[in-house]
Amino acid sequence: MKEMTEIRIGESVVGLKDNLVKTAILPKSTGELDRDLHIQGNVVIEGAVYAKNLIIDSGPAEFQSAVYAHQELHVKNDALDVVTFRKAIASSGSIVAILLKGKCMFGADINAVGVNLKNCFVAGSIFANDIKLENAVVLGGCFAAKRLELQNVIAGTFNAPEVSAGGINYLLYPTAFSVEPMSCLPGTEFYNITLADLGSLFKHETEKPNTGKIRLDIEADTQRTVLVDEQDTKTLLHSYSVASRVLVSDLLNMENFENHFLILSASLGSQILKTYSLHKEDGSKSDDLTMENISDFFFKILNGTVQVGELNSSISFDELRQRYL
């Protein structure tokens, strides 16, 4: 890998292969605003990046600072290995990474007009007009101004005017929202894993009692909610929530789940000065809480390699009365 400390290329396209770029790739004149950046593999860029179009042929590639593509950020479908963005990325156009073999990891938020991801991991949230996700993990929220499509996805939550879904999907937080009723393909399943013992599963240990996933019935668990702002403007939302069935959460010690460590460690990975791990019951340590290990763990849940048990426990009325009265 050849080290580069300064970019001095006057052409309309900057091509990088087998390079370690120590500086930022930013325009220094108006003529460089239309410059494209072409990544051909085995590249590490430590500084911030601006390009009209950012095209990535293949990994490994790592962007350690913020990235902005004016028109499009495109990871090619046949890209191999791993493409990693450590900080936030944005585009005035689209961000596309529909990967068939490789993998793309985003360590912070994504902001663009259109976002289309497959086989990707996002430690933050996605903000866009249109979002399409397939076989993807988003630890934050999916916030679409127009339309959201989910196909075999783990997401923290979502909020969009129109939502369509297919396959098996999981939510990390109790509630998600849409303006129009959600449209689901036949056979679509939703599970909420707010009360799943993800910490124990990450450590390869047995899940704690009274924990597990909750099946979300899109019809039965949908509520219509009216929101009113300061201008007395009313907005009708459909909320998909299991809150009515998680009274048990107040009877559990949520801190023992250690779920928050997984989510926070992935999203704050580039800002933490040292690497942490979880303590097992036998006193040994789990795998390090790196974005790579956390990403692998959630994809194992998504593809069924790691099985999350169902929450089937019941709470007696006397126990609830002693708790709340």
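Strands (E, at least two residues) are DSSP runs, numbered from the N terminus. The model is predicted, so local features need pLDDT of at least 70 and side-chain atom pairs count only at pLDDT 80 or more, while totals for chains, interfaces and linings use all residues. Residues are numbered from 1 along each chain as its sequence is written, and side-chain values use heavy atoms, with hydrogens and water left out.

Begin by selecting Val226, which is placed in strand β23 (residues 222-228). Val226 is exposed, at 51% relative accessibility; exposed means over 50% relative accessible area, buried under 20% and partly exposed in between (1.4 Å probe, protein chains only).

Proceed to Asn53 in strand β6 (residues 49-56). Asn53 is buried, with a relative accessible area of 14%. A polar atom of the Asn53 side chain lies 3.4 Å from the backbone nitrogen of Glu72.

Next, select Tyr50 and Tyr68. Rings of Phe, Tyr and Trp (its six-membered ring) pair if their centres lie within 6.5 Å; planes under 30 degrees apart count as stacked, over 60 as edge-to-face and the rest as tilted. By this rule there are eight aromatic pairs. One of them is Tyr50 with Tyr68, stacked at 5.6 Å centre to centre with 20 degrees between the planes. Tyr50 belongs to strand β6 and Tyr68 to strand β8 (residues 67-75), so the pair ties together parts 18 residues apart in sequence. Tyr50 is buried at 17% relative accessibility, whereas Tyr68 is partly exposed at 26%.

Finally, select Phe85 and Phe106, whose ring centres are 5.2 Å apart with planes at 5 degrees, so this pair is stacked.

Methods:
Helices (H or I, at least four residues) and strands (E, at least two) are DSSP runs, numbered from the N terminus. A polar contact is a pair of N or O atoms within 3.5 Å; within protein, one must be able to donate a hydrogen and the other to accept it, and residues adjacent in sequence count only if both atoms are side-chain atoms.
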